[in-house]
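Please walk through this model step by step, with the sequence and the 3D view side by side. Start at one position and follow the text from there.

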Amino acid sequence: MSTVKIPPVLRQSVGGEREVDVSGATVEEVLANLCDAHPAVGAQILTADGSLHAFVNVYVNGEDARLLQWTDTPVGETDTLVILPAMAGGAQ
Amino acid sequence: MSPSYQDLLAAAREVIPEVEPSDIAPRVEAGEGPLIIDVRETAEWDQGHLPGAVHIPRGFLESRVSGATSGTEQELLISCASGQRSLLAAKTLADMGYTNVTSLAGGFARWKQNNHPVEMPRILSAAQRSRYSRHVLIPEVGEEGQLTLLDSKALLIGAGGLGSPAAYYLAAAGVGTIGLVDDDVVDESNLQRQIIHTTDRVGVNKGESAKEAIRALNPEVQVNVHPFRVNRDNVLDLLGEYDVVVDGADNFPTRYLLADASLMTRTPLVHASILRFEGHASVFTPYDGPCYRCLFPEPPPPDLAPSCGEAGVLGVLCGVMGNVQATEAIKVLLGIGDTLAGRLLIYDALGMTFTELTVRRDPDCPSCGPNADLQLRDYEAWCAGVGRHDQVGATA
């Protein structure tokens, strides 16, 4: 199973874990399985028609999935996915 | 019998060619000469030197020469006051494997007598030399680099969690001018992390408070307090005055505004953001590397983008990330090392891990792509979702 790193804003939705192991052979399958197991994640990163919101970046082994094959990007057993929304915090 | 000084000079002359000033001057004046290493003492160097020469006092020659040269085959001309120390220094370099070393006959004295051009070094004062001695010792910084920092201007957006350590260290480093943009005042709840402020300055504008701390640390630094929010009307003038901008903002409209404006003014942008135990950092080099919108085409909706005021932040995390920014700003100003341009550094304080993601320029980037229609917009409305979705399609 691949490892999915969960950003701070989504951790409550996965029971506080910083990373979870998820099966799936493509980015799309991994995210679908993640959202099945943790529906609260899906509510935040997927649009009404089930596609990924544009503000969600997904990295596969450190590379931007958008510049690979986006949600069709193959995911191997030992691969690491990072879900990465922008963070704003700095001053206050 | 042990060799005398004259014997040593004679031995050096056998292997080191001596070059007359008049023979090499045309090449030096055309900027096509060898690398000139001046081995005199600092007080002598300060009185003037050959144009383009680098200064390595004789006593440091062996330890510093490799940092100054591109390799043992580089053509070197060694100079001193009269041509004797340089001869011995050149012999030492030949012994170290340098194959193309000459010595300036008659040294700087003869060069000057022949009326060849002389460069007066811009130098640190004795007090500066003492204050910044640990920088001057680093080959990548040195006196030249320190002078560059003293001439540099850094603009910090926010004198809060990230801006506090960044401003403090940039001031300590001798960055000559530091601009602080913040319309907020110091609150007691800031002091858990915003270390440039103090309990007795609660209620004072953050820029003014930081200025006071910087004055106590390094009075030489010019601090410009900009006690307002950066916006569409002031951002270009503001950025235009500075060499680098350090983004420690606390909201997306400001971050996207800075991203676009820094492209327009071609100002390098040193980014960091923080939440709870996690920090992001990168450097956006306009049109040379990816920009903020290549990385994050759109901001998340407010419920997925809580501020530190809403979600909290580990105070010391600000120190780590603010100092990553200060480090990157100094590297940008000095043009040294590999910055985070093209990389996003993610620091997870709970796991104590540093992870890197590769950030590439997006050929369709609506801000820096070849077909971008870059103009400053109403970022408040745009970040709230107004007029956003027709700009960037969700390509999933």
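B:V316 sits in helix 16 of chain B, which spans residues 315–334. The model is a predicted one. Is B:V316 buried or exposed? Its relative accessibility is 58%, so B:V316 counts as exposed; the cut-off for that label is over 50%. B:V316 also belongs to a nonpolar surface patch.

Now turn to where the two chains meet. The size of an interface is often given as the accessible area lost when the parts come together. Between chain A and chain B, the buried area is about 3400 Å². Carbon and sulfur atoms give 59% of that area. How many residues does each chain bring to the contact? Chain A brings 29 residues and chain B brings 48 residues.

Look next at the charged and polar pairs. Three salt bridges cross the interface of chain A and chain B. In a salt bridge between B:D348 and A:R18, the two side chains meet at 2.8 Å, N to O. Polar contacts between chain A and chain B come to seven residue pairs, with both residues at pLDDT 80 or more.

Is A:T73 buried or exposed? A:T73 counts as buried because its relative accessibility is 4%, and the cut-off for buried is under 20%. The A:T73 side chain reaches the backbone oxygen of A:W70 at 2.6 Å. Leave aside the neighbours within four places in sequence, and A:T73 is in contact with A:A25, A:T26 and A:V27, as well as A:V60, A:A65 and A:L68.

Finish at A:A43. Its place is helix 2 of chain A, residues 39–45. The relative accessible area of A:A43 is 63%, so A:A43 is exposed. Now locate A:S13, which is 30 residues from A:A43 along the chain. The C-alpha atoms of A:A43 and A:S13 are separated by 9.6 Å.

Definitions and conventions:
Residues are numbered from 1 along each chain as its sequence is written. Chains are lettered from A and ligands numbered from 1 in the order in which they are written. This is a predicted model: local features need pLDDT of at least 70, side-chain atom pairs count only at pLDDT 80 or more; totals for chains, interfaces and linings use all residues. Side-chain values use heavy atoms; hydrogens and water are left out. Patches are made of residues with over 30% relative accessible area and no salt bridge: like charges are joined within 9 Å, nonpolar side chains (Val, Leu, Ile, Met, Phe, Trp, Tyr) within 5 Å. Accessible areas come from the Shrake-Rupley method with a 1.4 Å probe; for residues, only the protein chains shown count as cover. A salt bridge is a side-chain nitrogen of Lys or Arg within 4 Å of a carboxyl oxygen of Asp or Glu. Helices (H or I, at least four residues) and strands (E, at least two) are DSSP runs, numbered from the N terminus. Buried means under 20% relative accessible area, exposed over 50%, partly exposed in between (1.4 Å probe, protein chains only). Contact means heavy atoms within 4.5 Å. Buried area is the accessible area (1.4 Å probe) that two parts lose on being put together, summed over both. A polar contact is a pair of N or O atoms within 3.5 Å; within protein, one must be able to donate a hydrogen and the other to accept it, and residues adjacent in sequence count only if both atoms are side-chain atoms.
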